[in-house]
Amino acid sequence: FLGGEDFLAVYGDMVFDVSLKHLMDFHRRRGALATITAHPNDHPETSDLLVAGDDGRVSAILPKKGRKPGNYRNLVPAALYALSDGVFDHLEGGREADFIADVFPRMIERDLPVYAYNTPEYLRDMGSQQRFEQAARDIDSGRVRALNRNNPRPAVFFAGTVLDEE
């Protein structure tokens, strides 16, 4: 129904300012069926977590409920997805499904190309009053806009020399 085009799916409780061009370029370069926008957040203990390789390929989704205790990477899926129309083949008609809890895990089990687009850009769910208020403060302060990767950021680089000890 989309004519074979890639598309974005966004949950309605998200505030984000992400370069969608970079996200879609990443998705297409990898030949992904699904690309999950991911980021570190300030509440990983109450968030689902992704396990991804250096290339971004997702090998597991660790649910927030029932996850074994451990030291996990703070790589949290945000509810912003780049999807190819083939993702519809993995939805069951007439049944409710959640991408993170149902659809993506089935795709990963079948070794289909699901990737994490890890970005430091601004992504925040507003699933609680506290997070909503923080997002409003971030918008007002300009933080949301400033974190978009299309905006230049100052950086300092240090070069050093390693000396052999004899």
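Leu-8 is partly exposed in the predicted model, with a relative accessible area of 34%. This residue lies in strand 1, which spans residues 7-10. Together with Val-10 and Leu-20, Leu-8 forms a nonpolar surface patch of about 210 Å².

In soluble globular proteins, nonpolar side chains tend to be buried together. The largest nonpolar core of the model comprises 34 residues. Within this core, the residues with the most contacts are Leu-50, Tyr-81, Leu-83, Phe-99, Phe-104 and Met-107. Two or more core residues are contributed by each of strand 1, helix 1 (20-29), strand 3 (34-39), strand 5 (58-62), strand 6 (76-83), helix 2 (99-109) and strand 7 (114-118).

Aromatic pairing was also examined. With ring centres required to lie within 6.5 Å, the count comes to seven aromatic pairs. The rings of Phe-99 and Phe-104 are stacked, because their centres are 5.1 Å apart and their planes meet at 25°, under the 30 degrees that stacking requires. Both Phe-99 and Phe-104 are buried. Ring pairs also bring Tyr-11 and Tyr-81 into a cluster with these two phenylalanines.

The surroundings of Phe-99 include other members of this aromatic cluster. When residues up to four places away in sequence are not counted, Phe-99 touches Ala-9, Tyr-11, Tyr-81, Leu-83, Val-87, Phe-104 and Pro-105. Among these contacts, Tyr-11, Tyr-81 and Phe-104 belong to the cluster linked by ring pairs, while Tyr-81, Leu-83 and Phe-104 are listed with Phe-99 among the residues with the most contacts inside the largest nonpolar core.

Conventions:
Residues numbered from 1 in each chain as written. Predicted model: local features only at pLDDT ≥ 70, side-chain atom pairs only at ≥ 80, totals over all residues. Heavy atoms only, no water. Patch = residues over 30% accessible without salt bridge, like charges linked within 9 Å, V, L, I, M, F, W, Y side chains within 5 Å. Areas by Shrake-Rupley, 256 points an atom, 1.4 Å probe, with all protein chains shown as cover. Salt bridge = Lys/Arg side-chain N within 4 Å of Asp/Glu carboxyl O. Helix = DSSP H or I, 4+ residues; strand = E, 2+ residues; numbered from the N terminus. Buried < 20%, exposed > 50% of the residue type's maximum accessible area, 1.4 Å probe, protein only. Phe/Tyr/Trp six-rings, centres within 6.5 Å; stacked < 30°, edge-to-face > 60°. Core = buried A, V, L, I, M, F, W, Y, C linked by side-chain atoms within 4.5 Å. Contact = heavy atoms within 4.5 Å.
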